[in-house]
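Visitor: I would like to learn how to read pockets, helix packing and backbone geometry in a model. Could you take me through one?

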Amino acid sequence: MSTATHSWIDPHVHLFALQEGDYHWLKPNNPPFWPDKDVIAKSTYEHHLRRASKGKLTGFVHIEAGFDNERPWREIDFLMRHCSLPFRSIASIDLTSMRAGSHIDTLKNYGSVCGLRHILDENVHALLTSPKVKWGLGHMAAQGLSFEAQFNLADRSAVKALLAILETYPRLRVAINHSAVAPVELNSLAFKHWQQNIHHLSETKQVAFKFSGLEMQNRNWQWQRAQPLFNSLVNTVGVAQLMFASNYPLCQWRMPYEALWQGFLNMTAPLCEHQKAALFSLNAKQWYGLA
């Protein structure tokens, strides 16, 4: 095992400063109504992440976590005050807001901000076909900011809408969050659609995929399930557009943080050292512009 895979860059983490931010979604009386929400609803700082990695984390990308969706730069200010490791940040954006354009212009001036996220999920069709949202994505691309997309990748019409946007804005770069959250049945039509959709997206060369988020579908997921999903992604999109990510601290519903990355390493046993380095750090470093 080479030194390249002893450490990693994590391109999908969430830090929570509950005493400073809003975090509406983490409060017990607000959705999502997860029975285990209290496990993650606590202040989580960079030093917790570093300790959980047992010193193997060399950099990370912070994904917006609902600190203040009305003034998303406040979350960036918090990160800049508290983080010492090399990091980049994905800020929150409401692409339906009348202030979306001005927020994009403000956020691009923050040195750590390299992209934005508006969670698509169940509203994916309405959002990706909205002229206002499409304009916002184009404006992001023009400002050199990427977009983090989170939705059901087995949804053919949603992927078609995203492909149309990518064709309209060839400078737009999109990272697909939690692409390991695939249809449960590997022999199902839905899984076939998932494979076809990620293939179509990968062909644009404007898209990267994160292998993460299995706990969002099943808190007790098994490595026996993760391995064929990983193999499918490697065979469909290739190593160059794929990166491992944790979704920390939510990943800890299933197992300790460092154990997750050891499992990722075990999955890559058949790959060469260069491919492992790409999945563990090089792809994330290049995609997000980490120093």
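Guide: Below we go through the spaces, the helices and then the backbone.

Guide: Some ground rules come before that. This is a predicted model, in which local features need pLDDT of at least 70 and side-chain atom pairs count only at pLDDT 80 or more, while totals for chains, interfaces and linings use all residues. Residues are numbered from 1 along each chain as its sequence is written, and side-chain values use heavy atoms, with hydrogens and water left out.

Visitor: What separates a cavity from a pocket?

Guide: On a 1 Å grid over the protein atoms alone, a cavity is a set of points where a 1.4 Å probe fits but cannot get out. A pocket is an open set with protein on both sides within 12 Å along at least five of seven lines, and lining residues have an atom within 4 Å of a point. Points are joined across faces, edges and corners, and a volume is the space filled by probe spheres set on them.

Visitor: How many cavities of 30 Å³ or more are there by this rule?

Guide: The count is 1. The largest cavity holds about 40 Å³, and its lining consists of Ser 212, Gly 213, Leu 214, Glu 215, Trp 221, Ala 245, Ser 246, Leu 260 and Phe 264. By class, that lining has 5 nonpolar, 3 polar and 1 charged residues. In this scheme Ala, Val, Leu, Ile, Met, Phe, Trp, Tyr, Cys and Pro count as nonpolar, Asp, Glu, Lys and Arg as charged, and the others, Gly among them, as polar.

Visitor: What volume does the largest pocket have, and which residues lie nearest its centre?

Guide: The largest pocket has about 1200 Å³ of space. Its lining comprises 39 residues, with Glu 64, Arg 117, Ile 119, Asp 121 and Gln 150 nearest the centre. Sorted by class, these lining residues are 14 nonpolar, 17 polar and 8 charged.

Visitor: Which elements supply the lining of the second largest pocket?

Guide: Helices (H or I, at least four residues) and strands (E, at least two) are DSSP runs, numbered from the N terminus. Strand S7 (207-211), strand S8 (242-244) and helix H10 (273-288) each supply at least two lining residues of the second largest pocket, and H10 gives the most, with 3 residues. The volume of this second largest pocket is about 170 Å³. Among its lining residues are Arg 173, Lys 205, Asn 283 and Trp 287, and the classes come to 6 nonpolar, 3 polar and 2 charged.

Visitor: How should I read a pair of packed helices?

Guide: Two packed helices are described by the angle between their axes and the distance between the axes. Axes are lines fitted to C-alpha atoms, for helices over the stretch in contact, and angles run from 0 to 180 degrees between N-to-C directions. Here, helix H3 (residues 100-107) and helix H5 (residues 131-142) pack at about 20°, with axes 10 Å apart. H3 is therefore roughly parallel to H5. Angles under 35 degrees count as roughly parallel, over 145 as roughly antiparallel, 65 to 115 as roughly perpendicular and the rest as oblique.

Visitor: At what angle do the axes of H7 and H8 cross?

Guide: The axes of helix H7 (residues 189-203) and H8 cross at roughly 40° and come within 9 Å. So H7 is oblique to H8. The crossing of H7 and H8 is right-handed; a crossing is left-handed if the near helix is turned anticlockwise from the far one by less than a right angle, and right-handed if clockwise.

Visitor: Is helix H9 mostly covered or uncovered?

Guide: Buried means under 20% relative accessible area, exposed over 50%, and partly exposed in between (1.4 Å probe, protein chains only). Helix H9 (residues 257-267) is mostly covered, with 8 of its 11 residues buried, including Trp 261 and Phe 264.

Visitor: Which backbone features stand out?

Guide: Most residues other than glycine have a negative phi, and most peptide bonds are trans. In this model, the bond from Pro 31 to Pro 32 is cis, with omega near 0°, and the bond from Tyr 248 to Pro 249 is cis, with omega near 5°. Lys 205 has a positive phi of about 60° and sits in the loop between H7 and S7. Lys 205 counts as exposed because its relative accessibility is 64%.
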